[in-house]
Amino acid sequence: MTRPFPRRLVLILLLALAIPLLIPNVARAAVSEEATFVFNTFAFLIWGALVMFMCAGFTMLESGSVRTKNASMICLKNIGIYSIAGLAYFIIGYNLMYVDVGSVIGSFNFLYGPSSAELDLLGGDDAALSSVVANGYSSMSDWFFQMVFVATAASIVSGALAERVKMWSFFLFTLLLTAFIYPIVGAWTWGGGWLSEMGFQDFAGSTIVHSVGGWAALAGILVVGPRLGKFRKDGTARPTPPSNILVVTLGVFILWLGWFGFNGGSQLALGSAFDAVAMSHVLVNTNLAAAAGVVAAIAISRSIMGRTDLFVGLNGAIAGLVSITAGPDIVDHYWAIIIGAIGAILCTLGLKLLEKLKLDDVVGAVPAHLFAGIWGTLAAAIAGGASFGVQVVGVLAVGAFVFVVSYLVWRLIDLTIKVRVSRQVEQLGQDAGELGIEAYPEFVLMPEEFDED
């Protein structure tokens with residue numbers, strides 16, 4: 001006769017069988033420190049690549065906005081901007097912006113590279129793993145993500161001065177902007193300098209990236225002057241419609257896509273549920289602001305510009321994106337719609353204002369990036385809880401520094417190697433006049449009567 005199996009023993013066995021089923025759930029709930037490091041680094045690299053793709057957007061936007069005789073030059077300038085910005089930021093810019101920053105500026109050391117612990121790990125020293133992981137992300141992934149931002153700031157200047165600025169003069173200004181001017185502003189803010197200590201908030205760069213580019217562009221517009229024939233003798237602006245509105249539209253869609261990397265990546269982490277939720281919030285607000293910008297710009301374009309204007313609507317999208325960039329992490333989504341719509345209205349009014357002031361901005365870079373950038377920075381206080389006074393101080397300080405320094409640099413370049421192409425080159429077009437390669441070689445260049453005004 002066998003003895004009955006004890007009930008207590010049965011319960012113990014069932015519990016023992018259940019433990020392996022519970023352990024995986026616990027493991028899924030807590031991400032290891034190394035996994036967090038991998039997620040954060042991966043996010044920097046992927047978002048950075050998406051922001052880099054915005055260079056293609058700027059190229060399409062600008063090459064479609066200018067006349068066909070200058071399209072090749074725009075392509076050359078944009079790939080040159082990205083290359084110069086990457087080298088300048090590697091050689092000196094990043095150190096000025098982020099390494100050993102005091103109140104105003106960081107280190108003047110040249111070059112930037114991985115940490116010693118990362119080099120040890122790459123060399124096969126597994127003991128260095130804990131030190132590497134403790135940083136939270138790979139050093140060079142952060143450098144890459146920050147570098148593509150500085151390229152964006154420089155691209156803003158290109159479109160404003162298209163069709164008349166000399167190539168090498170523009171590249172020289174780009175070098176100084178990306179090596180010194182932008183990094184100094186970045187040191188004040190994201191680098192932990194005096195504006196950061198005051199509490200200035202700019203999540204992804206309405207002021208730090210877009211207004212910097214806008215102020216530099218405005219200074220350049222004043223020094224270089226308008227295109228030949230842009231303004232009639234009576235002071236009214238002569239229409240200069242885009243040569244390829246299809247390409248312009250494609251460019252804006254690419255910029256819109258890249259902006260998800262721009263703002264989403266500025267969460268600067270993807271190693272927790274909080275980061276994932278916050279990043280989702282940022283991307284939705286970014287999309288809402290751009291959409292509201294398009295609708296608002298199209299709705300008011302007829303009353304302000306005298307026609308329902310696609311170009312104004314496209315600039316409305318950019319203005320909406322710029323406006324939300326200072327505070328896409330705000331909680332209430334309806335604020336993103338309001339901020340984007342107001343940014344687009346200001347941009348449209350700004351396009352008209354520049355015409356009245358006889359300032360020739362080919363792509364509307366100043367209204368879309370500077371005016372909307374200022375508004376977005378202040379909106380971060382109105383809707384996002386930042387200090388309004390500190391935001392005003394930041395806007396004024398960055399504006400005064402960037403505009404004055406940029407104006408002096410442009411003037412200095414003009415005194416030495418000149419900033420403007422010759423009248424003959426401008427009439428012929430920079431593609432044939434400077435490059436000897438035309439974007440549309442099957443087209444016959446026709447004389448433009450207003451060049452003689």
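**Close-up views of a predicted model**

View 1. R227 is buried, its relative accessible area being 5%, where buried means under 20% relative accessible area, exposed means over 50% and partly exposed lies in between (1.4 Å probe, protein chains only). The model is predicted, so local features need pLDDT of at least 70 and side-chain atom pairs count only at pLDDT 80 or more, while totals for chains, interfaces and linings use all residues. Residues are numbered from 1 along each chain as its sequence is written, and side-chain values use heavy atoms, with hydrogens and water left out. The side chain of R227 meets that of D360 in a salt bridge, with 2.7 Å from N to O; the term stands for a side-chain nitrogen of Lys or Arg within 4 Å of a carboxyl oxygen of Asp or Glu. Because R227 lies in the loop between α10 (206-224) and α11 and D360 in the loop between α14 (333-356) and α15 (365-382), the pair ties together parts that are 133 residues apart in sequence. D360 is also buried, with a relative accessible area of 2%. Helices (H or I, at least four residues) and strands (E, at least two) are DSSP runs, numbered from the N terminus.

**View 2. E163 and its partner R67.** A salt bridge of 3.1 Å, N to O, joins the side chains of E163 and R67. E163 sits in the loop between α7 and α8 and R67 in the loop between α3 and α4 (71-98), so this pair ties together parts that are 96 residues apart in sequence. E163 is buried at a relative accessible area of 2%, and R67 is buried at 16%. The phi of E163 is near 80 degrees, a positive value in a residue other than glycine. Most residues other than glycine have a negative phi. R67, E163, R227 and D360 are linked in a network of salt bridges.

**View 3. The buried face of helix α2.** The 20 residues of α2 (residues 33-52) should span 28 Å at 1.5 Å a residue, and the end C-alpha atoms are 29 Å apart, which agrees; the expected span is 1.5 Å times one less than the number of residues. The buried residues in α2 are F37, N40, T41, A43, F44, W47, G48 and V51. Seen down the axis, these residues fall within an arc of 155 degrees, so they line one face of the helix, the arc being that of the directions from the helix axis to the C-beta atoms. Among the elements that cover them are α3 (54-65), α6 (129-134) and α7.

**View 4. Q267 in its loop.** Q267 is placed in the loop between α11 (245-264) and α12 (273-305) and counts as buried at 14% relative accessibility. Not counting residues up to four places away in sequence, Q267 touches F203, F274, D275, A278 and M279, where contact means heavy atoms within 4.5 Å.

**View 5. S301 in helix α12.** S301 lies in helix α12 and, at 0% relative accessibility, counts as buried. Leaving aside neighbours within four places in sequence, S301 is in contact with G306, R307, T308, D309 and V312. The C-alpha atoms of S301 and F311, ten residues apart along the chain, are separated by 9.6 Å.
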